[in-house]
Amino acid sequence: MKKKYSIFALIKNSLSYHENWQRVWRDPEPKSQYDAVIVGGGGHGLATAYYLAKEHNLKNIAVVEKGWIGGGNTGRNTTIIRSNYLWDASAGLYDHALKIWENLSQELNYNIMFSQRGVMNLAHNLHDVRELKRRTHANRLNGIDCEWLNVEQVKKFCPIINCSPHIRYPVMGSTLQRRAGTARHDAVAWGYARGADAMGVDIIQNCEVKGIKRNGDSIVGIETTKGFIKTKKVGVVAAGHSSVIANMAGLKLPLESKPLQALVSEPIKPIIDTVVMSNAVHAYVSQSDKGELVIGAGTDSYISYTQKGTHEIVEGTLKAILELYPIFSRLRMLRQWGGVVDICPDASPIISKTSVKGLYFNCGWGTGGFKATPGSGHLFAHTIAKDQPHALNAAFNINRFVSGDLVDEHGAAAVAH
Amino acid sequence: MFIIKCPYCGERDHSEFSYGGEAHLVRPKQPTELSDDQWAEYLFMRKNIKGLQYERWNHSHGCRRWFNVSRDTSNDMIYSVYKIGEKPNK
């Protein structure tokens, strides 16, 4: 039985110098057989297990993770959450997630530090203005809050942006989604892990999948570094390594895995109380609660699983940041890192059954999967439990690459890919 | 960050080059005769290998010529560079 976190628990535990807090999740050895196994213990995988247990009453399930939970892209992203996507299918998917985010701390009894501080998307040329105004209208038609700000309103909402008309890419306006914002990325993984563990889900860390065993067109089980696990259902949520797992099952996916970088500055006093993104110059920035500026850079052009990017990508992003925010010019950068992201040709995810019975894939989130974590898990759990997609992820099936019914968010998404 | 040895110009920083994706994908001669599955296989499905990969690069800020590279995508080590039309020696 999990003890509830509350102000009273905090006071009680302070009396014993915080040395007697209950363990947040168990560290079990794998059983020989499960009803379903989730491969990948990031936010999406743990959320999938949580909703499988909570809404579909599947309790004999496991999450296997080759490293430690939340150590991949869940712990490497820039924590931005928004749902201002152009197409109806994407709007439905991402706003479903945003609605879950809004009540997630209460539901999990775990503070994920969700902060609806607003996300701005800047326009720097006439095409940007037209495209972003179109997106504002499309969002409103889909019931998603979105506003258009002119230059004066941009300056008022975020005063440190350089709104001079004389810079190379002048700011010509911006969209603003006020319900959007950020959350504490590690806490999302930990909160879902705690919730899933409380319902009996086995979270098995340091357990790498080495093979997928098929009997004809059905799944029999998985080979791992901790032995063979028998199961009829495998849900793969392995982000950059999705193709590696797919190859074990004899499948090919329409994915390319590339390094995506982010960096943070030394901590400073509060200076930016929102998230500002710019597609045209590829710069986005927000400030963490520790005071660091959190800056997202771009992907490298080539396939690589190295979790490190190249210097010129960082240089390009910082040039753009400095032109938009001259006030940051003497700030030093503290840390830089990379994650391996799996990118689909249409820059939309895959949450789908496959040609192998009992094998499901949730992948292709590319450069923007964090914002979808709760919705992704919720819909993937539905897909696995019912063996058919939920209405909200039906468009994100793997067959769209055969039918041609793509969800093309490449140009329409808020940042360049 | 790595150095690529262009078969025409010699060793240069990789930022001078553009990546051209998986090598040795042959465009079907009669696309109209393919099924949707076969066309999707050619157009979208990729090995996306973690390990030794054969890939195309273009020396876009140099001689602007295409060539092939074999590289380990798990550590960005380059094993060999060979011209278009040649077979990899590994």
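**Where chain A meets chain B**

Q: How many salt bridges does the rule find across the interface of chain A and chain B?
A: This is a predicted model, in which local features need pLDDT of at least 70 and side-chain atom pairs count only at pLDDT 80 or more, while totals for chains, interfaces and linings use all residues. Side-chain values use heavy atoms, without hydrogens and water; residues are numbered from 1 along each chain as its sequence is written, and chains are lettered from A and ligands numbered from 1 in the order in which they are written. With a salt bridge taken as a side-chain nitrogen of Lys or Arg within 4 Å of a carboxyl oxygen of Asp or Glu, the number that the rule finds between chain A and chain B is 1.

Q: Which residue of chain A forms a salt bridge with B:Glu41?
A: The closest N and O atoms of this pair are 3.1 Å apart. The partner that B:Glu41 meets in chain A is A:Lys252.

Q: What is the area buried between chain A and chain B?
A: The contact (heavy atoms within 4.5 Å) takes 24 residues from chain A and 23 residues from chain B. Carbon and sulfur atoms give 57% of the buried area (accessible area, 1.4 Å probe, that the two parts lose on being put together, summed over both). The total comes to about 2100 Å².

Q: Which axes come within 7 Å and cross at roughly 110° in chain A?
A: The two elements are helices, that is, DSSP runs of H or I with at least four residues, and one of them covers residues 88–101 while the other covers residues 373–386. Because angles of 65 to 115 degrees count as roughly perpendicular, these two helices of chain A are roughly perpendicular to each other. Their contact includes A:Leu93 and A:Trp101 on one side, and A:Pro374 and A:Leu379 on the other. The axes are those of helix H3 and helix H10.

Q: What pattern does chain B follow, read along the sequence?
A: Chain B has 1 helix and 6 strands (a strand being a DSSP run of E with at least two residues). Its C-alpha trace spans about 45 × 30 × 25 Å along its principal axes. Read along the sequence, the pattern is β-β-β-α-β-β-β.

How values were computed
Axes fitted to C-alpha atoms, helices over the stretch in contact; angles between N-to-C directions. Parallel < 35°, antiparallel > 145°, perpendicular 65-115°, else oblique.
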